[in-house]
Every structure is written in C-alpha cells, then in structure tokens.
Amino acid sequence: MSKIDFTDLDGKVLRIFLTILEESSVSKAADRLGVTQSAISHTLAKLRQVLGDPLFVRSGQGLTPTERALALQEPVRNVLDGMRALTDERPFDPLSEQMEIRIATNDMPRELLFPDLLRATRAEGIKLQLEFISSGVPGPDLLRSDRCQLMLTPLPPDGPDIFQKRLISSPLMVFYDSSQRTAPETWEAYCQSEHVEVRFPDGRNARAVMRGVDQSQIRPPTVVLPHFNAIPSFIAGSPLISTDTAMMKNGPLAALDCATLPFDCEPVSIYMVWHQRSANDPAHRWLRDRIETLASTIQAET
C-alpha cells in the first residue's frame, strides 16, 4: 500500500494546485507564488500520486487540465476558504501581524489612497505589504480565484459572493492644456475634439464610466493608452483632451488644466470590493476600515 494518503494534501499543496490551474503554466505559477519552478513541479508530482491522475498535460507552451483537475477546482477552493475561516476569530493586533495583500486597481485609486495609507501605517509601526495589479474592467473571478484580495474600481463586478462598498464619488471633467486650446463649450465641440483614451488589456475602455451618454457621436480617439499615467505626456503641448474624474487632478493628471463637461453626465463612484472569504478576516476588516476612513477624508476635501 502507498505511504502517501490524503493527509499529504495540506493548504499549501492545494493552493499550488489552484494556481497551476489558473495560470496553465508551472513557471507562471512559480512567479505568482514567489517559489522556484522545481518546488512547483515537486508539489505537482505529489498531487498526481495522491490523486491518481495526471491533472495537467502539456499543450503547446502551457498546460491543459484534465477533467479530474477541472472537477476538483471548486471543492479545493471551498476547502481553502474553510481553512482560512478558521482564523477569522483570532486575536488581532496590527502591530504584531505581518499583513500582505494584493489589490486590483487602476492608476487613480492607487495613487489617490495608498501612498498616504502606507505612510500612515509605517509611522504607526504597522507592517503592511501591498502588491498592486491592474484591474481594467474587472470580473468577479479576480476575487474568486484569490488573484487579489481587494479591488477598487468604478465598475464593480456582481455576484452573491462579492461584497462592495462605495468609497468616493466624483464628477467627470475635461482635461486639456490651456496653452494650446480652450475647453470645449458644447456637446458638438466636445465630440469633434481629438481625444486621448485609456483602453485596458481586455479591450474595454475607460469610457465605460460615462453612463447615459451617446458615445457613438464622439470622435474616435487619436491616442489610445494602456494606463492613465501616460495621459499628461500626450496632452501637454497639444490640442488633445481627455475625460476623467475630477479626482485625477489630485493624482495622475495634476499637471493638466480641467473644466466641467459641456453636457450632463453622472458622477463616477469608486467602490471597494472583496470576496466573502475575506469578509470576517480581522486583518482584512481592519484594512477596509482604514481605506474607508482615508477615502472619507479625501471626499470631504474635494
């Protein structure tokens, strides 16, 4: 009889299994988890022996999961969530706990909130480690797969296991270089202006926040960028314009001039979003409270 049994399947092993499944690559799983490829390969060999299935087969440059691996995805995720819940009622002291969190967000929420948060917590002696990934227009799988533990976005994903809270609301503005042009004063002038637009890797663009506006009349963008930080370099010294929230004036677009839109458009809200597995974790609750308090201060000042 084999000496290996189900008790070899600890939390670290199961987490590696899910990561390989999500990345379809041993090397990418190793990069994401911060371990060596040999460690991932060793764990995969153990999983194959315990479960009696190859789990993944090579396909081109990646790995394709077997039917058994796909069937295990949800049960394994539930087991890990249950293990995580065992620590929900632990004594929590932010001064004695090393907190690491991956946050999905784009340029503006990241730069508006987190530098101040990190400075404040460091001054208090709190050990907080932050890793940021781009959210684009996010879907719920970012949270469900634990690729991130928190999300800040104007377009929160929906789902019965997804929680959200509105942090900040801000009107949309036109950003431009006043040495080169004036702000458009009519809808027609706005539509005919040359635009800079942010488009995310999944093909969707930042104009998704412009609700109630017939965007078909707006001139196609002259410049398409992958993130907001690049906007000022293209607008400065040119007649180009960009449409972004007023809060951008306190962040990536601080060097540009801005004016109100020459038409009605709903304000944009930024939401904090998390998965139900994190809802009762004391460290996660503490961080959400700190972010909410900081956001309230910023909202009051704008």
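Phe 263 counts as buried in this predicted model, because its relative accessibility is 15% and the cut-off for buried is under 20%. Its partner is Trp 187. The two residues form an aromatic pair, with 4.9 Å from centre to centre and 85° between the planes. That makes the pair edge-to-face, because planes over 60 degrees apart count that way. Trp 187 is buried too, at 18% relative accessibility.

Now place the two along the chain. Trp 187 belongs to helix 7, residues 187-192. Phe 263 sits in the loop between strand 11 (257-260) and strand 12. The pair links distant parts of the chain, 76 residues apart.

Next comes a second pair. The model holds 8 aromatic pairs, and one of them joins Phe 163 and Trp 274. Their ring centres are 6.2 Å apart. Their planes meet at 15°, so this pair is stacked. Phe 163 lies in strand 6, residues 162-170. Trp 274 lies in strand 12, residues 268-275. The pair therefore ties together parts that are 111 residues apart in sequence.

Trp 274 is buried, with a relative accessible area of 9%. Phe 163 is partly exposed, at 33%.

Trp 274 has one further contact to look at. The charged end of Arg 288 sits over the ring of Trp 274. It lies 4.3 Å from the ring centre.

Notes
Residues numbered from 1 in each chain as written. Predicted model: local features only at pLDDT ≥ 70, side-chain atom pairs only at ≥ 80, totals over all residues. Heavy atoms only, no water. Phe/Tyr/Trp six-rings, centres within 6.5 Å; stacked < 30°, edge-to-face > 60°. Helix = DSSP H or I, 4+ residues; strand = E, 2+ residues; numbered from the N terminus. Buried < 20%, exposed > 50% of the residue type's maximum accessible area, 1.4 Å probe, protein only. Lys NZ or Arg CZ within 6 Å of the ring centre and 35° of its normal.
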